[in-house]
Amino acid sequence: MQALFGQLLIGLINGAFYAMLSLGLAVIFGLLNIINFTHGAQYMMGAFVAWFLLTKLSIGYWWALLLAPIVVGALGVVIERTMLARLYKLDHLYGLLLTFGLALVIQGLFRNEFGSSGLPYQIPSELTGGINLGFMFLPVYRAWVIVASLIVCLSTWYVIERTKLGSYLRAATENPALVQAFGINVPRMVTLTFGFGVALAALAGVMAAPIYQVNPLMGADIIIVVFAVVVIGGMGSIMGSILTGFGLGVVEGLTKYFYPEASNTVIFVVMVIVLMFRPAGLFGKER
Amino acid sequence: MNALKRNLLALAIAGTFAAGAAHAQISDNVIKIGVLSDMSSLYTDLAGAGSVVAAKMAVEDSGIEKRGIKVEIVSADHQNKADVGSAIARQWYDTDKVDVIVDVPNSGVALAVSQITKDKGKVFLAVGPGSSDLTGKSCSPNTVHWAYDTWMLANGTGTAITKQGGDTWFFITADYAFGQALERDTTAAIQKAGGKVLGGVRAPINNQDFSSFLLQAQASKAKVIGLANAGGDTTNSIKQAAEFGIVKGGQSLAGLLVFLTDIHALGLNTAQGLIFTETFYWDMNDQTRAFSNRFAPKDKGIHPTMVHAGVYASVLHYLKAVEALKSDDGTKVVAKMKEMPTDDPLFGKGTIRVDGRKIHPAYLVEVKKPAESKGAWDYYKIRATIPADQAFRPLADGGCPLVK
């Protein structure tokens, strides 16, 4: 029984990463209708920027939490302006192909430069150590991840669903021409939203750096799972992706306990079942 | 990527036909070496491009081309998939006139390639894969296994740690041929040394988060947690074990297959004190240092692992056998390789047994503390040398049908 509590908590922590990553994807898909396959690569770049800041410029973790999302988000803006903006009138598939290709290129370049073993990144000294909860040993850093991710996820949800800015964004998705007619610069808003989604991926990357190796392939390993999370949650549903992220983290954690051999497939099994009964996902609306 | 490789391959083949010199016994007048490795995933740094570099250096150092025998090297990425690896091996042997395949990290792929090589009567120099089955029940008259295997790792690390008092074990095992073989061989070594295995968990290959598994290992109360995995899986589990206070809690970690590149990736802060078995370290003597100094600049500064060293030494010995035999007939060359004693600057003098196992000493190493290291790549202290005649599984125990 004690072991079970431990696994539940571990599941929630992994779910925190799934939630943050799928949130960025959901924001980008929900508001721009782009399936952003570079998301994994941008997560990886976030971790690399943190590593670069620390080893080359001696700038620590806390600044990296702020700077890496800005740097990677800015790169995202460049990608959106120079490439994605040309594809808005075309089918979703073109955006998917472009971002998928970009992801392969970015990953290939990083692998060529840095190899595949990864680079070390230590846990910041303020967050080392752990707490004995009785049923498990909880590293302080993991506790921080779960709290930080919840704050980020819920504030994003609040901004989009409950504020005026969010209502402009949602309106611009429904009818860009009309919103533009009210004097709102829709293309700029779209660009910034994409940048924000990308920044979320980079933020998750910085938070992952001390736990996993800073590795060119870290994004490729996680992105497929995250896509499954988004599909299960319902493409574009903000709260759906947050809840599904945490929920599937728990499901995966439990599988790692009861039947570890299946732990890398269980999410896809869930996806198949959900799609059979609710093709729009658990929280999605049929269009 | 693949299209590019195919084009390069096509060019290489065209070159072969254009060359056209006459060496009666060597098929199509050229020895063609195929380096089949992991070029894009978790084993890239410990094998990958470095294995191609090592093979090229072996060809250069053999001086064989100066004596009029042409050698070509091609390479491909097996993506850690047995079906992809098999398809490349078949294409190489059937249409591209490859004479010998070398490296193939990933035992699953290697077992498939070994079978194909046997069917085609070619040569397989297995360096990257670990499964001791390659010279055991799945042994082949066409396969030579260089550098290391799971029995040797298990025997070196498992026996040493159990005898030092680490007599209860829990395994975190990569769930494929290699991990399973490693767990099986280590379990045997532990039990022989008087220890006990309390349990284990099979994790999928290329797993990111090991915390669930580490928690189970913690709960088992075993004194030693054996990591029967490799590459990125090993580094991630060691890193996260530190986070979960495994070592501080009194349990110790045994990396069963750890490469120099893994230690480089982890950094000494995380990796210090780790004990494991290797068969090669670049900083052992003048010859290994000289090799390393030539190798590193060609492979992005990476210092050679035992896989890179094994690729170099095995290709060197293969070429010697071809020259001695004046033929590149696969089955005959392997027989010749077994007949000739081996001698190379990296592993010293050695032999190849009838089951295909290359015999040389192994070393129990400990990772230095940050204060003891003079800088990047200065990572190991050699704690013990396991002599060649004890390092590998006794010939009679492997169940290889070639042993009579």
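Predicted model: local features only at pLDDT ≥ 70, side-chain atom pairs only at ≥ 80, totals over all residues.
Colleague: How many cavities of 30 Å³ or more does the structure hold, and what is the volume of the largest cavity?
Modeller: Cavities of 30 Å³ or more number five in this structure. The volume of the largest cavity is about 120 Å³.

Colleague: Which residues lie nearest the centre of the largest cavity?
Modeller: The lining of this cavity divides into three nonpolar, ten polar and two charged residues. Helix 8 of chain B supplies the largest share, four residues. Of the 15 lining residues, those nearest the centre come from both chains: Asn215(A), Asp221(A), Asn206(B), Gln208(B) and Gly232(B).

Colleague: Which residues are closest to the centre of the second largest pocket?
Modeller: The second largest pocket has a volume of about 810 Å³. Among its 33 lining residues, the ones closest to the centre are Ala241(B), Ala242(B), Val247(B), Asn269(B) and Thr270(B).

Colleague: Which element gives the largest share of the lining of the second largest pocket?
Modeller: By class, this lining has 17 nonpolar, twelve polar and four charged residues. At least two lining residues each are supplied by strand 2 (137-139) of chain A and, in chain B, by helix 8 (231-243), strand 9 (252-255) and helix 10 (268-271). The largest share, five residues, belongs to helix 8 of chain B.

Colleague: Are helix 9 of chain A and helix 11 of chain A roughly parallel or roughly antiparallel to each other?
Modeller: The axes of helix 9 (residues 218-233) and helix 11 (residues 266-277) of chain A come within 9 Å and cross at roughly 25°. Angles under 35 degrees count as roughly parallel. The orientation of helix 9 of chain A and helix 11 of chain A is therefore roughly parallel.

Colleague: How many nonpolar, polar and charged residues does the contact of helix 9 of chain A with helix 11 of chain A have?
Modeller: The two helices pass each other in a left-handed crossing. Helix 9 of chain A contributes Ile224(A), Val225(A), Ala228(A), Val231(A) and Ile232(A), while helix 11 of chain A contributes Ile267(A), Phe268(A), Val270(A), Met271(A), Val274(A) and Leu275(A). By class, the contact has eleven nonpolar, no polar and no charged residues.

Colleague: Is the crossing of helix 3 of chain B and helix 4 of chain B left-handed or right-handed?
Modeller: The axes of helix 3 (residues 82-94) and helix 4 (residues 107-120) of chain B come within 8 Å and cross at roughly 25°. That angle makes the two helices roughly parallel. Their crossing is right-handed.

Colleague: How many nonpolar, polar and charged residues does the contact of helix 3 of chain B with helix 4 of chain B have?
Modeller: Helix 3 of chain B takes part through residues including Ala82(B), Ser86(B), Arg90(B) and Asp94(B), and helix 4 of chain B through residues including Val109(B), Ile116(B), Thr117(B) and Lys120(B). By class, the contact has seven nonpolar, four polar and three charged residues.

Colleague: With which residues is Phe110(A) in contact, leaving aside its neighbours within four places in sequence?
Modeller: Phe110(A) belongs to helix 4 (residues 92-114) of chain A. With neighbours within four places in sequence left aside, its contacts are Met44(A), Met45(A), Phe48(A), Gly115(A) and Pro216(A).

How values were computed: Residues numbered from 1 in each chain as written. Chains lettered and ligands numbered in written order. Heavy atoms only, no water. 1 Å grid on protein atoms, 1.4 Å probe; cavity = no way out; pocket = protein on both sides within 12 Å on 5 of 7 lines; lining within 4 Å. Points joined across faces, edges and corners; volume = space filled by probe spheres on them. Nonpolar A, V, L, I, M, F, W, Y, C, P; charged D, E, K, R; others polar. Axes fitted to C-alpha atoms, helices over the stretch in contact; angles between N-to-C directions. Parallel < 35°, antiparallel > 145°, perpendicular 65-115°, else oblique. Left-handed = near helix turned anticlockwise from the far one by under 90°. Contact = heavy atoms within 4.5 Å.
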